[in-house]
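Hi everyone, thanks for making time this morning. Let me put the sequence and the model up on the screen, and then we can walk through it together.

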Amino acid sequence: VSPAQPTGGRRRRTTDDDPDERRQRFLERNRAAASRCRQKRKLWVSSLEKKAEELSTLNVSLSAVIVFSGEVMADRGVDMSALPKEVRDQLAELDLELSEGKGRQG
């Protein structure tokens, strides 16, 4: 390889490059990059929506388990007033949310 020829690295601009051609190449590359970016964002948003749905379902299930546990404790004569106020408040709130949710669905 002679010293006059580049061996790699950055391409040098030639003086015969037409500015319109350069602009067209730039626009084509930019269009392709934008398309890849939009596709990648679509996949990301889709995965977030799926994860949110899974977590929402899990939250409803766990809320039902908590309320059921509170009902079982009450049925077995566990003194609910012995539970910390925060726990009693959360059980009451979850019970209300679940009963409202059942009313909307059914």
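I'll start with the overall picture and then visit a few places along the chain.

Please keep in mind that this is a predicted model. The protein chain has two helices and zero strands. How much of the chain is buried? Of its 106 residues, 8% are buried. The chain exposes about 9,700 Å², and carbon and sulfur atoms account for 54% of that area.

Let's begin in the segment before H1, where we find Asp17. Asp17 counts as buried because its relative accessibility is 19%, and buried means under 20%. Setting aside neighbours within four places in sequence, Asp17 is in contact with Arg22 and Arg25.

Now for helix H1 itself, which runs over residues 19-75. How far does H1 reach? With its 57 residues, H1 spans 83 Å from its first C-alpha to its last, close to the 84 Å expected at 1.5 Å a residue.

Trp44, Val45 and Leu48 make a nonpolar surface patch of about 290 Å². Leu48, one of these three, sits in helix H1. With a relative accessible area of 43%, Leu48 is partly exposed.

What about the buried side of the story? In H1, the residues Ser63, Val67 and Gly70 are buried. Take Ser63: its relative accessibility is 9%, so it counts as buried. Which residues does Ser63 touch, not counting those up to four places away in sequence? They are Leu94 and Leu98.

Met73 is also placed in helix H1. Here the relative accessible area is 27%, so Met73 is partly exposed. Leaving out its neighbours within four places in sequence, Met73 has contacts with Val78, Met80 and Leu83.

How many salt bridges does the model have? The count comes to one. Its partners are Asp89 and Lys85, with their closest N and O atoms 2.8 Å apart. As a general point, side chains of opposite charge can pair when their charged atoms come close.

We have a predicted model with two helices and zero strands. Helix H1 holds the buried residues Ser63, Val67 and Gly70, and Ser63 touches Leu94 and Leu98.

How values were computed
Residues are numbered from 1 along each chain as its sequence is written. This is a predicted model: local features need pLDDT of at least 70, side-chain atom pairs count only at pLDDT 80 or more; totals for chains, interfaces and linings use all residues. Side-chain values use heavy atoms; hydrogens and water are left out. Helices (H or I, at least four residues) and strands (E, at least two) are DSSP runs, numbered from the N terminus. Buried means under 20% relative accessible area, exposed over 50%, partly exposed in between (1.4 Å probe, protein chains only). Accessible areas come from the Shrake-Rupley method with a 1.4 Å probe; for residues, only the protein chains shown count as cover. Contact means heavy atoms within 4.5 Å. Patches are made of residues with over 30% relative accessible area and no salt bridge: like charges are joined within 9 Å, nonpolar side chains (Val, Leu, Ile, Met, Phe, Trp, Tyr) within 5 Å. A salt bridge is a side-chain nitrogen of Lys or Arg within 4 Å of a carboxyl oxygen of Asp or Glu. The expected span of a helix is 1.5 Å times one less than its number of residues.
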